[in-house]
Each structure stands twice: as structure tokens, then as C-alpha cells.
Amino acid sequence: MNPTLESYYLSKPEPYQSCLLALKDFILHTNPNICHERKFQIPFFTYKGKKLGYLWLDHKKLKLGFCLDKSLQEAAPGAKPKDQYESMQIDPNADLPVAIILQKLNYYLAMIDKS
């Protein structure tokens, strides 16, 4: 992990830090082709060069977001496509909703694979 990514995780207080690190590991182990970088000052995940998702701690609300890259969308004539985001709030004091996260990850991975 590069220093700026590592510092992002290590700068967060518990229980957020442990939860963020667990989410990162879970996402990266879902598929060996998922890449981890820092974009927009937060941990971001890409797959085959397309945006996949992010982790964000916003005012004590931990969010796992998913992205449908604009290059995967059909645009109406004259319309400029935009990335579409959806997010879910994660409770750092509860078990991770692994089944839901895996379902979402597999959906977005499949969308990228179809392109």
C-alpha cells in the first residue's frame, strides 16, 4: 500500500479505522484485478481501468460507495453521461453486511466485464 493510502486509514479513529481496513481487504480479495488508489482524497477502487467504488468517512458516517463509470452507459443524443454513484452506510460497531457488499461488488464487476 502506498504511503498516502496507508496514512488515510491510519489517521482515522477506532472503530472506523478497523472497519475501513476490513472493507478494503474484503474488496481487494473479491477479485485480484481490483486496484486500490487514492482519488478525491479518499480510497478508491478501480477494475480494468473503470471506476468501481470508494470508502469515505464523512462526519462519523462510514460509507461504501459504488460507481457505474460513465463510459459504460449509453448516452442519449446530445447528453453528456456522468458517473452514477450509489452508497451504503456501514455501522463500524456491527458485523459487515458481507452478503450485500458481495452482491453489489459482483453486480458492478459484471457491468464492467460486459463492456
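Reader: At roughly what angle do the axes of helix α2 (residues 16-30) and helix α3 (residues 98-114) cross?
Author: This is a predicted model, in which local features need pLDDT of at least 70, side-chain atom pairs count only at pLDDT 80 or more, and totals for chains, interfaces and linings use all residues. Residues are numbered from 1 along each chain as its sequence is written, and side-chain values use heavy atoms, with hydrogens and water left out. Helices (H or I, at least four residues) and strands (E, at least two) are DSSP runs, numbered from the N terminus. Axes are lines fitted to C-alpha atoms, for helices over the stretch in contact, with angles from 0 to 180 degrees between N-to-C directions; those of α2 and α3 come within 11 Å and cross at roughly 45°.

Reader: Which word describes how α2 lies to α3?
Author: Angles under 35 degrees count as roughly parallel, over 145 as roughly antiparallel, 65 to 115 as roughly perpendicular and the rest as oblique. The axes cross at roughly 45°, which means that α2 is to α3 oblique.

Reader: Is the crossing of α2 and α3 left-handed or right-handed?
Author: A crossing is left-handed if the near helix is turned anticlockwise from the far one by less than a right angle, and right-handed if clockwise. The way α2 passes α3 is right-handed.

Reader: How many nonpolar residues are in the contact of α2 with α3?
Author: Contact means heavy atoms within 4.5 Å. On the α2 side are Leu-23, Phe-26, Ile-27 and Thr-30, which meet Val-98, Ile-101, Leu-102, Leu-105, Asn-106 and Leu-109 in α3. Ala, Val, Leu, Ile, Met, Phe, Trp, Tyr, Cys and Pro count as nonpolar, Asp, Glu, Lys and Arg as charged, and the others, Gly among them, as polar. By these classes, the contact has no charged residues, two polar and, as nonpolar, eight.

Reader: What pattern does the protein chain follow along the sequence?
Author: The secondary structure of the protein chain comes to three helices and five strands. Along the sequence, their pattern is α-α-β-β-β-β-β-α.

Reader: Which are the edge strands of the sheet?
Author: Two strands pair if DSSP finds at least two bridges between them. The open sheet has five strands in the order β1-β2-β3-β4-β5, with antiparallel pairing. An edge strand pairs on one side only, and this holds for β1 (34-39) and β5 (84-90).

Reader: By how much does the sheet twist, on average, from one strand to the next?
Author: The sheet is open and made of five antiparallel strands. From one strand to the next, the average twist is 25°.

Reader: Which residue in β2 is the bridge partner of His-36?
Author: Strand β2 (residues 42-47) pairs with β1 in the antiparallel sense over six bridges. Among the bridge partners in β2, Pro-43 belongs to Arg-38. The partner of His-36 is Phe-45.

Reader: Which residue takes a positive phi in the hairpin of β2 and β3?
Author: β2 and β3 pair in the antiparallel sense over four bridges, and the partner of Phe-44 in β3 is Tyr-54. Two residues lie between the strands of this hairpin, and the positive phi, near 55°, belongs to Lys-48.

Reader: Which residue in the turn between β3 and β4 has a positive phi?
Author: β3 and β4 run antiparallel and are joined by six bridges; the partner of Trp-56 is Lys-63 in β4. Their hairpin has two residues between the strands, and the positive phi, of about 50°, is that of His-59.

Reader: Is Thr-46 buried or exposed?
Author: Buried means under 20% relative accessible area, exposed over 50%, and partly exposed in between (1.4 Å probe, protein chains only). Thr-46 lies in strand β2, where six of six residues are buried. Leaving aside neighbours within four places in sequence, Thr-46 is in contact with residues including Asn-33, Ile-34 and Leu-52. Its relative accessibility is 8%, so Thr-46 counts as buried.

Reader: How far apart in space are Phe-45 and Ile-34, C-alpha to C-alpha?
Author: Phe-45 lies in strand β2 and is buried, with a relative accessible area of 1%. In sequence, Phe-45 and Ile-34 are eleven residues apart; in space, C-alpha to C-alpha, they are separated by 6.5 Å.

Reader: To which strand does α3 run at about 25°?
Author: α3 lies across β1, β2, β3 (50-58), β4 (61-68) and β5. One of these, with six of its eight residues buried, is β4. The strand to which α3 runs at about 25° is β4.
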